[in-house]
Amino acid sequence: MGRHRIRCELNEQLVEDLRARQPDAIERVLDEYGRLLQGVAFHILRSHADAEEVVIDTMVSAWERIDSLRDPAALRAWLLRIAARHAVSRRRTAHPTQPLLEATQPGTPGPDAERVALREALDALPPRMRACLSLHYYAGLSVEETGVALGISPNTAKYHLKAGLERLRTALEVEPMAARRPRTEA
Amino acid sequence: MTGDRDIETFVRRHLAAEAAELPFFLDGERVRRRLAERRRRPWRLLAVVPVAAALMLAVLLGQALLAGPGPDESGGPVDWGPLAVVPTAGGDQALNTGTLRTTQSCVFLETGGGESELLVWPADRTRWDATADAIGFTNSDGTEVTLRDGEPVSFGGGGDSTAEGGVSGEEWLARVDWVARPDPSCPMEIRWYVNEVVSPSAAPLEPYVVVESREFPGVEIACQGEVALTSNACLAWGEELIAGSAIPAGINRVVLTANAANARCAADFYVADDRPAVMTAAVACPSTPSPAGDGSPPPLNDLEARIVDALDSLGVEGQRAEYSSPGASIWAPLDDESAIFVSAYRTGNNRGEFSVIGEQVIAGRTVQRLEYTTGPIRERFECGDVTYETDGATPPGFASFDAFVAGLITALGCATA
């Protein structure tokens with residue numbers, strides 16, 4: 001509860017400063033949310049350079065449209081929404097960059113190999129599906145908030161989340177829950 | 001790595017690690033430079049297809065001339081109330097949905113994202129009823145709509161914003177040729193020009209099928225409307241349309257709408273998700289006819305109803321996942337965002353290649369565990385001339401998925417033990 005109140009107060013101060021055109025307001029929003037926004041943009045675009053551009057676009061939009069945000073407590077979700085939409089609309093020009101994550105010993109099974117496989121599986125997902133996964137599983141938005149952020153219905157967001165996980169599971173050759181149950185061999 | 005929870009946890013950790021590994025170089029100076037660059041750019045109107053807009057404008061002007069004087073037939077001054085009014089509408093048909101808000105000085109749309117968008121109305125089709133605080137609007141097909149504060153509503157039209165065009169609310173106010181200027185206190189960062197009003201009583205259309213085009217990589221096809229389409233039918237319709245059309249370059253999304261018993265269909269073409277459609281066109285309806293033919297989703301068939309009823313008796317709310325008549329494909333989302341799937345088909349109509357990897361008797365029925373070439377492992381049992389398959393998470397109240405399968409077999413009236 002206390003943490004929530006501190007977050008609300010911080011957001012209110014940030015919004016107030018943005019509205020007042022305080023010179024350091026942009027820095028403080030970047031300090032607070034820049035990495036989060038960059039992370040979501042990277043998950044959607046799979047490119048660090050493009051993710052940076054999205055964060056800048058998001059900050060520009062926030063600076064120019066801050067008066068349209070009625071509830072300062074919703075600043076985080078509002079920024080995520082702007083960033084996700086910038087990222088999804090930017091996808092046509094995005095060029096994947098050299099992956100940051102490499103297996104320490106290619107061919108060696110283990111956590112790194114699994115992460116490389118997951119990264120490749122994520123690369124293969126449609127951008128909107130990656131956006132749903134990132135907003136929900138990384139940024140922590142609810143299914144409803146994820147839908148609002150992307151301008152889609154909760155059911156469509158739910159579809160993307162479910163289908164996204166399913167595709168990742170299939171790509172990783174993960175056994176589904178049913179397979180954990182004791183089997184009686186034929 | 002095994003179940004739903006495990007993959008969710010793995011994905012969550014992986015996404016967090018990916019983000020944490022990214023270097024962060026941004027500072028406010030780069031943002032301020034971008035802001036300065038934008039201020040130097042010339043103002044631009046929202047992207048529209050000029051020919052379509054011109055045609056629509058010509059039609060609207062023609063209608064206005066044929067219809068004679070508008071709301072000021074009495075010759076007296078027109079009371080526009082709080083409306084922001086321009087002479088006539090543009091041709092945009094992008095859809096914008098939210099809640100109508102009318103105050104003493106402003107009329108705006110409150111969107112789901114918490115933004116307030118000032119609505120701009122065409123004088124030749126709009127009336128303000130001061131006694132009822134209501135807006136009367138005539139759609140281009142002649143239908144009359146009355147709107148009041150607090151109503152959910154969808155508008156066809158187009159918009160621009162300070163963020164997109166770099167024009168502040170004050171600048172925009174000064175540039176527009178007004179019939180009735182909005183009050184300066186109104187929200188003006190985002191402006192929406194109303195062209196059509198979708199019936200407020202109509203349920204908002206939502207894409208119920210979203211597929212990625214195989215023929216046109218990077219293009220997403222969404223199908224919505226009153227006519228239920230399967231994913232494959234939606235994909236086929238969209239790809240056929242794209243292949244046979246001179247559509248604008250750079251399209252990344254096509255939203256197809258099939259309405260009125262599959263007799264009226266339209267397509268919206270998008271180049272970016274956060275911008276209105278660049279083109280809207282009437283298009284040929286899908287070659288796959290509506291399963292119902294009456295414009296509404298077909299009612300549950302016997303198999304679907306049987307499964308939904310059985311799930312209901314187990315405390316699980318099932319719904320149609322996909323129209324697959326004469327079979328059934330039902331899913332039931334659970335509270336924790338996992339789900340159960342149950343499908344059924346006439347025995348003998350197997351669905352692709354699979355291996356039987358296990359078999360046991362549950363509630364007197366032989367239940368096989370199947371592994372298809374793709375997708376999850378499923379449990380299958382036969383009952384009469386119908387074969388059922390189910391997979392997914394264990395619903396609340398059951399100790400295991402096998403216990404749920406036992407309950408399902410019993411609820412379907414298939415238990416023999």
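**Close-up 1. A salt bridge between Arg378(B) and Glu389(B) in the predicted model.** Arg378(B) forms a salt bridge with Glu389(B), and their closest N and O atoms are 3.4 Å apart; the term salt bridge stands for a side-chain nitrogen of Lys or Arg within 4 Å of a carboxyl oxygen of Asp or Glu. The pair links distant parts of the chain, since Arg378(B) belongs to strand β20 (residues 378–383) of chain B and Glu389(B) to strand β21 (residues 386–392) of chain B, eleven residues apart. Strands here are DSSP runs of E with at least two residues, helices are runs of H or I with at least four, and both are numbered from the N terminus. Both Arg378(B) and Glu389(B) are buried, where buried means under 20% relative accessible area, exposed means over 50%, and partly exposed lies in between (1.4 Å probe, protein chains only). This is a predicted model, in which local features need pLDDT of at least 70 and side-chain atom pairs count only at pLDDT 80 or more, while totals for chains, interfaces and linings use all residues. Residues are numbered from 1 along each chain as its sequence is written, chains are lettered from A and ligands numbered from 1 in the order in which they are written, and side-chain values use heavy atoms, with hydrogens and water left out.

**Close-up 2. Two further salt bridges of chain B, Glu220(B) with Arg253(B) and Arg32(B) with Glu29(B)****.** In the pair formed by Glu220(B) and Arg253(B), the closest N and O atoms are 2.7 Å apart. Glu220(B) lies in strand β11 (residues 220–225) of chain B and Arg253(B) in strand β12 (residues 253–259) of chain B, 33 residues apart. Glu220(B) counts as buried at 1% relative accessibility, and Arg253(B) is buried with a relative accessible area of 11%. Arg32(B) and Glu29(B), whose closest N and O atoms are 3.7 Å apart, both lie in helix α2 (residues 28–40) of chain B, three residues apart, about one turn of the helix. Arg32(B) counts as partly exposed at 30% relative accessibility, and Glu29(B) counts as partly exposed at 40%.

**Close-up 3. The open sheet of seven strands in chain B****.** The strands stand in the order β15-β16-β17-β21-β20-β19-β18 (chain B), with antiparallel pairing; two strands pair if DSSP finds at least two bridges between them. Strands β15 and β18 (354–362) of chain B stand at the edges, each with a single partner strand, so one side of each is left without a neighbour in the sheet. Five of the six residues of strand β16 (residues 328–333) of chain B are buried, so this strand is largely enclosed by the rest of the structure. β16(B) pairs with strand β17 (residues 339–346) of chain B in the antiparallel sense over six bridges, and Ile330(B) stands opposite Val342(B) in β17(B). Seven bridges join β17(B) to β21(B), which run antiparallel, and Tyr345(B) stands opposite Thr387(B) in β21(B).

**Close-up 4. The packing of helix α7 (residues 143–150) of chain A with helix α8 (residues 154–171) of chain A****.** The two helices pack at an angle of about 105 degrees, with their axes 8 Å apart; axes are lines fitted to C-alpha atoms, for helices over the stretch in contact, and angles run from 0 to 180 degrees between N-to-C directions. That angle makes α7(A) roughly perpendicular to α8(A), a label given to angles of 65 to 115 degrees, whereas those under 35 count as roughly parallel, those over 145 as roughly antiparallel and the rest as oblique. The contact (heavy atoms within 4.5 Å) is made by Val143(A), Glu144(A), Thr146(A) and Gly147(A) of α7(A) and by Pro154(A), Ala157(A), Lys158(A) and Leu161(A) of α8(A).
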